[in-house]
Amino acid sequence: MQHADGFTAILMAAFATLILAFLWRARRGRVAYVRPIPGIASLEEAVGRATELGRPVIFVMGGSDIRDIQTHAALSVLSHVARLAARLRTPFLTLVKVANVFPFAEEVLREAYKAEGLLDQFSADQQVRFLSQDSIVYAMSAGRTIEETRAGCAIFYGTFDFTSLLMAEPGAQMGIIQIAGDPGLAQIPFFVCTCDYTIIGEEYFAAGAYLSRDPTMRGTLVSQDLIKVLLAGLVLLGTVCAQFAHPWAQAVVEFFMRYKR
Amino acid sequence: MTHWLVIWIGAFVTLITFSYLVKDNPVYRFVQHAALGVTVGIALVVAWYHVLKPLWWTPVLEAFEGTRAPAAGLWLLALAPGGMWYFQLSRKWFWISTLVSGLFIGTAAGLAFKGMILLILPQVAASIKVVNPWAHADGPGGQALLASLNGLVFTVGLLTTLLYFFFSVRTDNRLLRPPMRVGRVMIMVALGAMFGSTVMTRMAYLLDRLQFLYGTWLAPLFSG
Amino acid sequence: MLSWLGRLGRVDRRWLYLGTVAVLLVPFIVTVPMPPGRASKATRGLYDAVESCPPEKVVLIDSSWDMGSQAENYAQLECVVRHLCDRGVKFVVTSIGVTPLAPSFAEQVITPIAERAGYVYGRDWVNMGYVQAGGGAGVIINGMCKDFHAVRPTDAYGRRVEELPLLGRVRSIDDIHAVYCITYSPTPEWISFVQGQYGTPVAFGCMTIMGPSYFPYLDSGQLCGMLVGNRGAAEYEELVGHPAKGTQLIMAASFGNCMIILAAVLGNLGAWARRRRERRPA
Amino acid sequence: MRRAVIRLVTFVGGLFFLLEFLLPERAPDWAGGFDNPLTPHLTDVTNFVIIVGTMAFLLGPINLVRSHVSTILRRRKGLLDSAAFLVFLVLGVAAAIQHFEQEASLLYDVLFYGVLFAFGASSMAMLSFYLVSAAYRAFRMSSLDAGVMMLAATVVLLGQVPVGDWITYSLPEWLHLKTWAQWVMDVPNNAVQRAVLIGACGGAFAAGLRHWLGLGAREL
């Protein structure tokens with residue numbers, strides 16, 4: 001298929017329309033519904049447990065740039081966890097890998113403490129640390145920080161690379177509660193076996209959108225959901241038709257199979 | 001046959017790299033920077049010899065020498081957008097470089113729509129599985145039953161995973177909770193497959209190096 | 001026993017590293033026989049694609065790997081090139097967009113095999129070198145399908161297309177029987193722009209780690225075959241009847257994988273033992 | 001103004017490839033029956049993208065050289081490392097030119113296979129050391145998730161290597177570890193990967209539109 005046929009063009013137009021329609025809605029301030037994912041409850045539980053133990057909460061950020069949406073999702077989760085920690089008077093520490101994320105992380109934390117009326121308790125140099133741009137050094141320093149501060153819980157939220165295991169290992173060995181979230185699948189297996197709960201793939205963005213109430217983040221998520229429904233609907237239609245020998249049903253299946261050479 | 005000097009230096013560099021496992025040390029850092037320098041150097045030369053020289057420099061040169069149609073000389077104009085990249089080095093004129101990077105972002109996006117739709121439609125078609133054993137061409141035999149069973153597991157796995165990653169509908173009711181659990185278990189099985197594969201790849205890296213150290217460097221020394 | 005297991009978890013890392021090396025060296029020193037196996041569907045698919053190449057067409061190999069992934073990609077290129085040479089199939093090698101070091105690596109693998117098989121450079125095989133673009137590999141693949149010579153006017157040594165007889169008959173995707181892309185994680189753009197647009201079979205050679213994410217394309221027929229890691233290479237080597245690096249490394253991987261499983265089991269037992277001891281009143 | 005121009009350039013850049021695909025190979029007769037007007041220009045546009053894209057090739061090296069030279073001039077920590085970088089950069093360029101011009105160069109072989117190759121391959125191999133120690137110390141089967149995952153991983157790990165073949169060699173074929181490893185890949189793994197791919201389709205379209213229309217990370 002060197003050029004789009006009718007069906008392909010319609011499908012592409014439908015995708016674009018859905019995305020732009022929800023963007024337009026969001027611009028007008030309409031906030032779409034996004035369900036809370038189970039991972040959020042586990043974040044709250046982890047902070048609660050650290051409070052009981054009287055030990056600090058450590059939030060480890062990933063390697064994405066401030067221009068990436070992954071970072072914005074992580075920042076909204078950071079804001080939520082920081083507020084929770086502030087409210088419970090639990091020491092809170094954020095580790096940052098990318099230089100241009102640093103000022104934003106600091107700002108998010110300050111806002112969180114301000115919202116809880118505890119701005120006087122916030123100390124930027126103590127609570128936000130830029131460790132290193134280098135993956136291996138960052139992962140090792142993050143692991144060491146978790147060990148040295150005798151953390152009560154560690155939260156890894158961001159895009160992580162092959163060093164994920166290095167940073168999650170010390171906490172797992174100490175037996176503290178660890179929660180991890182990564183928008184890709186590649187590093188999730190390592191987090192599954194070293195953490196108590198993992199936020200997988202798209203759940204990562206859903207958590208960010210749910211917590212931030214940001215209309216555009218939510219709108220995008222919902223429009224992507226509808227694209228999924230559209231495609232899943234096509235699969236379902238085809239699957240149902242494939243079970244019958246009726247010529248109409250077979251014609252539908254034939255229609256789809258044209259795209260599978 | 002590889003020169004002995006190359007093998008010995010290779011073995012030395014390998015051992016130095018592994019020394020990082022014991023302790024970070026200056027020799028390791030030296031080798032690290034040397035390797036980076038060589039990479040950058042070679043990449044520079046390759047970019048010129050493999051890409052710019054044949055595609056751009058030679059046609060322009062030949063157009064001016066008259067051995068090629070003069071229209072090829074127009075490629076000289078590519079220097080204008082190509083030069084824009086270097087405004088990235090200046091804080092003040094940085095925005096000029098966004099003109100050319102914007103062009104590339106646009107190109108990538110335009111192609112991405114096409115690439116994605118060409119990729120996804122066959123995937124949709126291939127997801128249509130026959131679950132009904134009587135609907136198979138050769139009737140409900142043993143093979144057909146097996147295929148139907150696999151088709152059923154596949155379809156359930158696909159739909160429950162999609163449901164798991166569906167966020168705009170309330171799912172905390174009794175009807176949707178069990179399929180979501182199935183979805184998470186399915187995802188865990190797939191993650192297990194990825195996990196096993198990751199372990200194998202990482203092992204392969206080490207085995208390959210050991211093969212070099214033993215097979216290419218040490219073993220020939222002893223066998224004469 | 002319990003205390004012994006509990007103590008295992010606190011062994012210094014470096015001892016573990018040394019133990020790893022000691023265990024993993026065994027398969028290189030002692031030869032372990034490979035059990036007779038059956039090639040998987042994925043490996044078989046690539047083999048059949050090469051077997052069915054008509055004499056007037058060529059196979060396009062995109063060899064885009066360097067030291068970062070040579071542990072598995074090396075064997076994957078070697079076995080397929082050997083098969084191509086055995087069958088007398090001509091081939092063109094390119095390196096698109098991943099790493100500028102790729103052409104040298106490809107050459108290192110191909111040249112000895114081609115020389116032994118009596119392949120003449122330029123007539124039977126060509127290395128077209130590296131090409132990159134700003135917006136990713138898709139744009140190059142897309143353009144190259146239409147007009148091969150325009151996008152690649154010289155080979156890796158600066159020789160012109162006109163001086164290389166093989167390229168006289170490779171003008172567009174129509175002259176290519178199949179594409180085989182070997183790198184850490186081949187881009188699905190090969191599937192979209194080559195198989196999707198023209199129906200030309202595409203096969204991948206990827207690291208084991210990427211295998212699971214490419215199996216859906218195999219199931220849908222978008223990929224005609226795939227070599228997954230050294231396992232795929234070993235299976236291919238068996239089909240060709242010439243065991244080489246893939247076979248050797250997959251044998252050794254038996255030790256590696258068993259060691260990881262053993263380590264995880266012992267680690268879990270140790271943790272369990274420690275928990276039990278802690279629970280016991282002091 | 002500046003922003004509008006950048007947006008326009010971005011938009012036009014994407015429009016060519018999108019339109020080339022969306023317009024049919026040949027317009028229907030009632031619409032004039034002309035050939036796709038963009039397809040003949042495809043190779044020129046491709047070459048333009050390749051050439052202009054590659055012209056950025058000095059950018060990375062300039063940045064690196066700048067930072068290393070400043071390290072040396074200011075006599076900061078890592079002076080020796082920076083010097084090594086610069087010396088080997090020059091050596092790398094010289095060796096590569098030699099390699100291209102005359103095809104045999106010991107300097108190239110030493111730098112390429114001796115230094116670069118050995119270092120790159122070995123630093124990846126370090127990961128497997130970390131993996132072994134982590135498997136031992138940190139992989140805990142503490143939840144159902146981890147249990148299911150590790151079980152599937154074990155099947156795949158054993159089913160992909162000869163030792164798995166030996167273990168189940170005498171059993172009927174459907175009980176072979178290899179068969180089950182393949183099943184895990186072909187059925188549950190494929191279902192999940194495809195669901196992820198279907199999800200990624202929406203994500204790719206959203207990201208593509210965002211970039212193409214210049215809407216910025218915060219806005220979409």
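## Two arginines with positive phi

R150(A) lies in the loop between α6 and β4 (153-157) of chain A. The model is predicted. R150(A) is not a glycine, yet its phi is positive, at about 45°. Most residues other than glycine have a negative phi. R150(A) counts as exposed, at 51% relative accessibility.

R89(A) is another such case. This residue sits in the loop between α3 (69-87) and β2 (92-96) of chain A. Its phi is positive, about 60°, although R89(A) is not a glycine. Relative accessibility is 55%, and R89(A) counts as exposed.

## The contact of chains A and B

Chain A brings 45 residues to the contact, and chain B brings 40 residues. Together the two chains bury about 3,700 Å². Carbon and sulfur atoms account for 73% of that area. Within chain A, Y33(A), R35(A) and Q243(A) supply 18% of the area buried against chain B, more than any other three residues.

How many salt bridges does the rule find across the interface of chain A and chain B? It finds zero. Polar contacts are present: 14 residue pairs across this interface, both residues at pLDDT 80 or more. On the side of chain A that touches chain B, at least two residues each come from α1 (6-27), α6 (135-148), α8 (188-192), β6, α9, α10 and α11 (247-257). The largest share of that side is from α10(A), with 13 residues.

## The contact of chains D and B

Here 102 residues of chain D are in contact with 98 residues of chain B. The area buried between the two chains is about 9,500 Å². Carbon and sulfur atoms give 83% of it. In chain D, the residues that lose the most area to chain B are M55(D), F119(D) and R194(D). Together they make up 8% of what that side buries.

Three salt bridges are counted between chain D and chain B. One of them joins K114(B) to E20(D). Their closest N and O atoms are 3.8 Å apart. Helices α1 (2-22), α2, α3 (59-73), α4 (79-102), α5 (106-137), α6 (144-159) and α8 of chain D each supply at least two residues of the side that touches chain B. The most comes from α5(D), with 25 residues.

## Helix α5 of chain B

Helix α5 of chain B covers residues 142-164, 23 residues in total. From its first C-alpha to its last it reaches 33 Å. That is close to the 33 Å expected at 1.5 Å a residue.

Which residues of α5(B) are buried? The list is A144(B), S148(B), G151(B), F154(B), T155(B), G157(B), L158(B), T160(B), T161(B), L162(B), L163(B) and Y164(B). An α-helix has 3.6 residues a turn, so residues three or four places apart point the same way.

The buried residues of α5(B) pack against elements of chains A, B and D. From chain A these are β6 (197-200), α9 (203-212) and α10 (215-242). Chain B itself gives α6 (177-222), and chain D gives α8 (177-212).

## T54 of chain D

T54(D) belongs to helix α2 (residues 42-54) of chain D. Is T54(D) buried or exposed? It is buried, with a relative accessible area of 0%. Its side chain reaches the backbone oxygen of I50(D) at 2.6 Å.

Leaving aside residues up to four places away in sequence, T54(D) touches A47(B), V51(B), L52(B) and Q132(C).

## Cysteines

A disulfide is a covalent bond between the sulfur atoms of two cysteines. Over all chains the count of disulfides is zero. The cut-off is 2.5 Å.

C79(C) is buried, with a relative accessible area of 2%. C241(A) is also buried, and its relative accessible area is 11%.

Conventions: Residues are numbered from 1 along each chain as its sequence is written. Chains are lettered from A and ligands numbered from 1 in the order in which they are written. This is a predicted model: local features need pLDDT of at least 70, side-chain atom pairs count only at pLDDT 80 or more; totals for chains, interfaces and linings use all residues. Side-chain values use heavy atoms; hydrogens and water are left out. Helices (H or I, at least four residues) and strands (E, at least two) are DSSP runs, numbered from the N terminus. Buried means under 20% relative accessible area, exposed over 50%, partly exposed in between (1.4 Å probe, protein chains only). A polar contact is a pair of N or O atoms within 3.5 Å; within protein, one must be able to donate a hydrogen and the other to accept it, and residues adjacent in sequence count only if both atoms are side-chain atoms. Contact means heavy atoms within 4.5 Å. The expected span of a helix is 1.5 Å times one less than its number of residues. Buried area is the accessible area (1.4 Å probe) that two parts lose on being put together, summed over both. A salt bridge is a side-chain nitrogen of Lys or Arg within 4 Å of a carboxyl oxygen of Asp or Glu.
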